[in-house]
Amino acid sequence: MTETTHAPASTSDMVREFHTTFQVPTAPGAKPVARFERLELRYSLVAEEFAELTEAVYGAEAGAQVRAATARVVAEGDDTGADVVEILDALADLVVVEHGWAIEAHLPLEEALVEVHRTNMAKLGPDGLPILRAGDNKILKPAGWTPPDLAGVIARA
C-alpha cells in the first residue's frame with residue numbers, strides 16, 4: 001500500500017496524485033468536453049456523496065430516496081445534450097457551497113481533505129495495483145482498508 005508522507009499543495013494536486021496512482025483518466029492540455037465515457041460514473045459518484053450527505057443530515061430514509069431518484073435519473077436521462085459550461089458552473093458552485101458550509105459550521109474541511117486523501121492513497125491492492133469494479137472501473141477498497149479518521153480531524157481542530 002502507498003502512504004502519502006506529505007500533504008500536496010492543493011486539493012487539485014491531491015486528486016491529480018490519486019488519478020495518476022490509480023490510473024484514472026486525466027487529459028492534461030485537453031479541451032473541456034461534456035460527453036466522455038465516464039460521465040455516468042462521475043455523475044453517480046457525485047450523487048452518491050450527496051445521498052450520504054442527505055443521510056447524515058436527514059437520516060437513512062432520506063438518503064435512500066436520493067439514491068432511488070438518482071438511479072431513475074441515470075436510467076432514464078439523456079446525457080447527449082450535456083452542456084460543458086453548465087457542468088463547470090455547477091461543479092464550481094458545489095465547491096463554493098461545500099467550503100461555505102464548512103466555514104459556517106466550523107468544520108476543518110482542508111484537514112479532512114488531507115485525511116481522506118491519505119486513506120484514498122491506501123486503496124491499492126496487495127499487488128500495488130488498483131482494484132477496479134467490473135463494468136465501470138470504480139476503484140474499490142482492499143481488504144484491511146480503514147476509513148479516514150474524521151472524528152480525529154475534528155478533535156484536533
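Is D149 buried, partly exposed or exposed? Keep that residue in mind; the tour ends there.

**Before you start**

This is a predicted model, in which local features need pLDDT of at least 70 and side-chain atom pairs count only at pLDDT 80 or more, while totals for chains, interfaces and linings use all residues. Residues are numbered from 1 along each chain as its sequence is written, and side-chain values use heavy atoms, with hydrogens and water left out.

**Stop 1: the whole chain**

Show the chain as a cartoon. You will see six helices and zero strands. Helices (H or I, at least four residues) and strands (E, at least two) are DSSP runs, numbered from the N terminus. The pattern along the sequence reads α-α-α-α-α-α. The C-alpha trace spans about 45 × 40 × 30 Å along its principal axes.

Now colour by accessibility. Of the 157 residues in the chain, 23% are buried. Buried means under 20% relative accessible area, exposed means over 50%, and partly exposed lies in between (1.4 Å probe, protein chains only). Among contacts with a separation of 6 or more, 60% join residues 24 or more positions apart.

Switch to the surface. The accessible surface of the chain is about 11,000 Å², and 60% of that belongs to carbon and sulfur atoms. Accessible areas come from the Shrake-Rupley method with a 1.4 Å probe; for residues, only the protein chains shown count as cover.

**Stop 2: charges**

Colour by charge. There are 13 positive and 25 negative side chains, and the centres of the two sets lie 5 Å apart. Lys and Arg count as positive, Asp and Glu as negative; His and the chain ends are not counted. Each charge is placed at NZ of Lys, CZ of Arg, CG of Asp or CD of Glu.

Select D83, E86, D89 and D93. Together they form a negative surface patch. Patches are made of residues with over 30% relative accessible area and no salt bridge; like charges are joined within 9 Å, and nonpolar side chains (Val, Leu, Ile, Met, Phe, Trp, Tyr) within 5 Å. Zoom in on E86, which sits in helix 4 (residues 84-104). E86 is partly exposed, at a relative accessible area of 48%.

**Stop 3: salt bridges**

How many salt bridges does a search of the whole structure find? The count is four. A salt bridge is a side-chain nitrogen of Lys or Arg within 4 Å of a carboxyl oxygen of Asp or Glu.

Select E48 and R67. Their side chains form a salt bridge at 3.2 Å, N to O. E48 lies in helix 2 (residues 39-58) and R67 in helix 3 (residues 60-76), so this pair ties together parts 19 residues apart in sequence. E48 is partly exposed at 28% relative accessibility, and R67 is partly exposed at 30%.

E55 lies in helix 2 and R67 in helix 3, so the pair ties together parts twelve residues apart in sequence. E55 is partly exposed, with 33% relative accessibility.

Move to R133 and D136. Their salt bridge has its closest N and O atoms 2.6 Å apart. D136 has a relative accessible area of 26% and is partly exposed; R133 is partly exposed at 35%. Now go back to E48, E55 and R67: salt bridges that share partners join these residues into one network.

**Stop 4: the nonpolar patch**

Select F50, L53, V57, Y58, W101, L107 and I154. They make a nonpolar surface patch of about 730 Å². Helix 2 gives the most to this patch, with four residues. W101 lies in helix 4. W101 is partly exposed, at 42% relative accessibility.

**Stop 5: T119**

Select T119, in helix 5 (residues 109-120). T119 counts as buried, at 2% relative accessibility. Which residues touch T119, leaving aside neighbours within four places in sequence? T119 is in contact with W145, T146, P147 and P148.

**Stop 6: D149**

Finish at D149, in the loop between helix 5 and helix 6 (150-156). D149 is partly exposed, with a relative accessible area of 38%. Beyond its neighbours within four places in sequence, D149 is in contact with E115 and R156. Now draw a distance from D149 to T20: these residues are 129 apart in sequence and 24 Å apart in space, C-alpha to C-alpha.

Conventions
Contact means heavy atoms within 4.5 Å.
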